[in-house]
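Please keep the sequence and the structure in view while reading.

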Amino acid sequence: HTHTHTIVCLDGLDLRKQARQLENEIDLKIVALGKLGTTYGSSHQQHYLDSKHDSEDGLGASDHMYETMALDLQQLLMQLSGVNDRLSDFLGSDPKPQMVHLLMRHRDILNDYTQEFKRTKANIQQSREKAELLSSVHKNINSYHSTAARRQDMYLKEHEHISSSSRLTDDAIGIAVNAKEALLAQRQMFNSISSRVSSVFSRFPVINNTIKKINVRKRRDAVIIAVVIAVCLILMFLYTVS
């Protein structure tokens, strides 16, 4: 009976040792996960707000680390729960008050670690959702600014085109107005000259009659010369034929 009791005590001590080892390991990993959660949220927000980053390579590394640590912690908590169950089964055969108190202590520690693990995961998930929301807002703002800039460029080009067309139209109208003014000036000048000439002729009728007589005489002389030349040509032709 003493040998059996010694083996049972050794089993109980071994289970308590395993529980303490798991608790220490879980405590370290929960602290590390909490620190990762703090840097995780800030790094995600900074990544999404930084327009220079177009890929998710930087986020992939931190996501992978978080998933790995969370999975390890979940497995450790399950192992600790199993050890506590085995320790409870062990106390069923010898429920000493001191051992019952130790079991309750281990269960409280497991419950505290489980709750802390859930809170840390929830905080990290909240940080991720907040970062994704900021990313969505940031992308929408960038898209709006980009669209507004393209529209402004289009409006400026259209305005320049309209201004250029307006300048060409003004130039054409100016040329037409100048040409019209020049033609009117020439017409006025010709009318003035014609008026002056008519005035001169009306004032000096003798000169007008003399000029007319000179013109008539020139036409008469031209006719006489033409008749003489024709007669000469006819005589020469008749002389040649005979």
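## Terms and basis

A residue is called buried when its relative accessible area is under 20%, exposed when that value is over 50%, and partly exposed in between, using a 1.4 Å probe and protein chains only. By this scale Asp85, with a relative accessible area of 36%, is partly exposed.

The model is predicted; local features need pLDDT of at least 70, side-chain atom pairs count only at pLDDT 80 or more, and totals for chains, interfaces and linings use all residues. Residues are numbered from 1 along each chain as its sequence is written, and side-chain values use heavy atoms, with hydrogens and water left out.

## Overall architecture

The protein chain contains 4 helices and 0 strands; both are DSSP runs numbered from the N terminus, with helices (H or I) of at least four residues and strands (E) of at least two. Along the sequence the pattern is α-α-α-α.

Of the 242 residues in the protein chain, 18% count as buried. A contact is defined as heavy atoms within 4.5 Å. Among contacts with a separation of 6 or more, 77% join residues 24 or more positions apart. The accessible surface of the protein chain is about 18,500 Å², and carbon and sulfur atoms account for 60% of that surface; accessible areas come from the Shrake-Rupley method with a 1.4 Å probe, and for residues only the protein chains shown count as cover.

## The nonpolar core

A nonpolar core is a set of buried Ala, Val, Leu, Ile, Met, Phe, Trp, Tyr and Cys residues joined through side-chain atoms within 4.5 Å. The largest such core has 26 residues, and Ile26 and Leu33 have the most contacts inside it. Helices α1 (2-49), α2 (57-93) and α3 (97-203) each supply at least two of its residues. The largest share, 11 residues, comes from α2.

Leaving aside residues up to four places away in sequence, Ile26 touches Leu73, Leu76, Leu77, Leu80 and Tyr113. In soluble globular proteins, nonpolar side chains tend to be buried together.

## Charged residues

A salt bridge is a side-chain nitrogen of Lys or Arg within 4 Å of a carboxyl oxygen of Asp or Glu. The count by this rule is 2 salt bridges. In one of them, Asp85 pairs with Arg107, and the closest N and O atoms are 3.6 Å apart. Asp85 belongs to helix α2 and Arg107 to helix α3, so this pair ties together parts that are 22 residues apart in sequence. Arg107 is partly exposed, at 34% relative accessibility. Arg119 forms a salt bridge with Glu116, with 2.6 Å between the closest N and O atoms. Both Arg119 and Glu116 lie in helix α3, 3 residues apart, about one turn of the helix.

Glu23, in helix α1, is buried yet has no salt bridge; Arg20, the nearest side chain of opposite charge, is 6.8 Å away. For charge, Lys and Arg count as positive and Asp and Glu as negative, while His and the chain ends are not counted. Not counting residues up to four places away in sequence, Glu23 touches Leu80, His106, Ile109 and Tyr113.

Leu238 lies in helix α4 (residues 205-241) and is partly exposed, with a relative accessible area of 49%.
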